[in-house]
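Hi there,

Here is the structure we talked about, with the sequence alongside. My notes on what turned up follow below.

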Amino acid sequence: LQPNAITFYAANQSSADSYQLLISSVAVSKSSETTVEFIIPSSDLNQLKVSRDLAFFPNNTFISYTSDLIADTSANQADGKSPEDAVPVRNFTSDSSSPSLLSWDMNIDGEGNFSLHFSETIDISSLDLSQIRIQISQFVPDILINPSSSFKPSINSPDIVILFNNTDLNEIKRLQLCTSKQDCFVSYPNTALRDIFGNDVVERTMNQGLQVDSFTADKTDPELAQFIEFDKNSGEIILSFTETINASSVRISNVYLQDWYQDDSSLNSVIQLSRVVVLTADSSILKFRLSIDDLNLIKADSTLCNIGSTCWIRFNTLFVQDMSGNQIVSVLNSTTFQETERADQFIRDTTPPNLVRFELDLNDGTLLFSFDETVDVQSFDALKITFTNSVGNVSLTLTGSNILTSSNAITSSYRLLSPDLVSLKANDDLVTSDTTTSILYTNFIQDTSSNAILSINASVQVSNYIGDTTPPFLVEFSELDMNQETMIFSFNEPMTETIIDFSQIILYGVPNTTFISLTGAKSITALVFRTEIVISLTDEDVRSIKIRSPNIATNEANSFVSLQSSAFQDTSGNPVVPSVYPNPVISFIADTKSPELLSFDLDMNTGVLLLTFDDVMDIATVRFPEIGFQGVRNNNISSIIVFLTGGSVSSSLDYEITIQITPQDLDNIKASGVAQSKNSTY
């Protein structure tokens, strides 16, 4: 028996579709004197099943054969049958067996493909790629893909080679499917494909994934496909590549932007990127946002990326990798003009700058502004900035500033004018903490493209608040008024008038061993934005001062003050700088008010006269002949006035003087008829 002598024909004519068996020898499965039965090998059988035009049903199933087919027992060869005499099939049994997947191969290198090897020929028109599942594990997978957009062959075969399109191949790489044999399996339902007789394939559920047999890893280096876009407003760059890129592998310090494609005399500007935010996941499209620093370096360069033709990208092989770790093909030191390396779409900077944050330092009175792009520091207009609190019920508009930043940048700093700083500190509802420090503004600054910052309706709270931690100091002991009994202190910044330790305020005379510490105040007043504190002295402190007369507080030469640290606090609670030496008074107003007699007591038995005044009295100045007694309030009514001629004086309460009337003067008073009762004693 020589099976390869048999040729199948679709009809008994030589022009009909035909297939000659290839097998030269087979095992006979059944025979009799005139009958021989053998099994056609699957290789030949699958070729017969390629088309419905041959051996698909009885009417298109014929065979011809040569005399080499078989011999009788006497070695006589069989009579051959030509195609025109081809013998029709007598009994025909259609294929009712379901095809099954024997093995499969995966190739993700280059353009990529995968091959499915079935037990019999598959009707390629029945293949539904959307039902094919490439999955990461044998069992129900976390990750899978249906390569529905890839390209299937057009010829029926038991071996199907499917060519990936870029979308499916890049998605497999993005998902990190099939990085090796260990994470590469295939499954499908029985409706995914059929053989040419309509038998559905044997299903492979997702829980029965078949592991890949042959695996070809990706060894092709990715390349830049196009510098798609540079948006100078947002600082975003979009690049496309020939395959999926591992976004986490981006090393942006290996990327440069330059204004020309060649590294020659035509090249003016090159900036090496330092930091980016990658905005896309693993994909063949890479989008990233430049750091503010890099973007503003670009914006500060008048020749770089101001139009698309001056915006070229350069990078070395360390810039990025594909999902298999293959490094990008370098476009560094390019000498040829490649449109793909130039920004295809360029978006100019037309965006006004935005205030990102502002800081206030009350120690040195500085304002620091941070913007989302470079600003023209000289365009700053302080008059368009108003400080307010969180409630918005208190505000203060600046009157000017001094520029501290020397060049254009994303940050700019300014020093507040002294009157503005004092006014802010003097207000208990403004700039006392971060919650009471906000600003309202109109277009107070411009970027380097003359785009003015937009006005806002809502206040912006300070981002970094540095409170006043600098101790205040006494500028001068401005005034001591012994008439009004007040002291005025002038400080370098606003002070708190409600927290004063009077015991730490010491008034010195001459010599400096003569001093008193204050005990309190009748009243306290803050003036000149609270930089001046006016203290109204208590009667006790006035008495203490005047008792020590003439050594203290009688003129400028003996009026000094010394402050200890807890004497005063500024509005931020910082204690005053202690006095190293007593501070002399600047203006002294002497006590020129005459004291008044408030009341007197007279004991006619003992002759003791007690006089009470409204001021501390000097007993050494008592003149007895000027003290007279009369019987009525108005001496015009009565001419009787008895004047003292002498006596002795003592004082124990400062405001009171005790006079011991002489016996003779006492007798004279009694004899005159005055001082007979309270109503006749004046």
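The largest cavity holds about 40 Å³ of space. A cavity here is a set of points on a 1 Å grid over the protein atoms alone where a 1.4 Å probe fits but cannot get out; the points are joined across faces, edges and corners, and a volume is the space filled by probe spheres set on them. Rolling a probe the size of a water molecule over the atoms shows where empty space is left. Please keep in mind that this is a predicted model, in which local features need pLDDT of at least 70 and side-chain atom pairs count only at pLDDT 80 or more, while totals for chains, interfaces and linings use all residues. Residues are numbered from 1 along each chain as its sequence is written, and side-chain values use heavy atoms, with hydrogens and water left out.

The structure holds one cavity of 30 Å³ or more. Lining the largest cavity (lining residues have an atom within 4 Å of a point) are Ile-108, Ile-172, Lys-173, Gln-176, Leu-177, Thr-179, Met-323 and Ser-324. By class, that lining has four nonpolar, three polar and one charged residue. For these classes, Ala, Val, Leu, Ile, Met, Phe, Trp, Tyr, Cys and Pro count as nonpolar, Asp, Glu, Lys and Arg as charged, and the others, Gly among them, as polar.

Next, the largest pocket. A pocket is an open set of points with protein on both sides within 12 Å along at least five of seven lines, and the largest pocket has about 1700 Å³ of space. It is lined by 39 residues, of which Phe-8, Val-36, Glu-37, Phe-38 and Ile-63 are the closest to its centre. Elements that give two or more residues to this lining are strands E1 (6-9), E3 (28-31), E4 (36-38), E5 (62-65) and E6 (87-88), along with helix H1 (42-48). Helices (H or I, at least four residues) and strands (E, at least two) are DSSP runs, numbered from the N terminus. E4 supplies the largest share of the pocket lining, three residues. The lining of the largest pocket divides into 21 nonpolar, ten polar and eight charged residues.

Phe-8 deserves a look of its own. Phe-8 lies in strand E1 and, at 12% relative accessibility, counts as buried. (Buried means under 20% relative accessible area, exposed over 50%, partly exposed in between, with a 1.4 Å probe and protein chains only.) Leaving aside neighbours within four places in sequence, the contacts of Phe-8 (heavy atoms within 4.5 Å) include Tyr-19, Leu-21, Ile-40, Leu-48 and Phe-62.

On to the nonpolar cores, each a set of buried Ala, Val, Leu, Ile, Met, Phe, Trp, Tyr and Cys residues joined through side-chain atoms within 4.5 Å. The largest has 30 residues, and those with the most contacts inside it are Trp-104, Met-106, Phe-114, Phe-118 and Ile-134. Strands E7 (101-107), E8 (113-123) and E11 (157-163) and helix H2 (166-175) each give two or more residues to this core, with E8 giving the most, four residues. A second, separate core of 29 residues includes Phe-230, Ile-245, Val-250 and Val-320.

Seven of the nine residues of helix H4 (residues 418-426) are buried, so H4 is largely enclosed by the rest of the structure. The cover over its buried residues includes strands E26 (385-388), E27 (395-397) and E29 (409-416). In helix H5 (residues 539-547), the buried residues are Asp-541, Val-542, Ile-545 and Lys-546. Seen down the axis of H5, they fall within an arc of 130 degrees, so they line one face of the helix; the arc is that of the directions from the helix axis to the C-beta atoms. Strands E36 (505-508) and E37 (515-517) are among what covers them.

Finally, some backbone details. Ser-549 and Pro-550 are joined by a cis peptide bond, with omega about 15 degrees, and Pro-550 is found in the loop between H5 and strand E40 (560-563). Glu-485 is not a glycine, yet has a positive phi of about 60 degrees; Glu-485 sits in the loop between strands E34 (474-481) and E35 (486-491).

Best wishes
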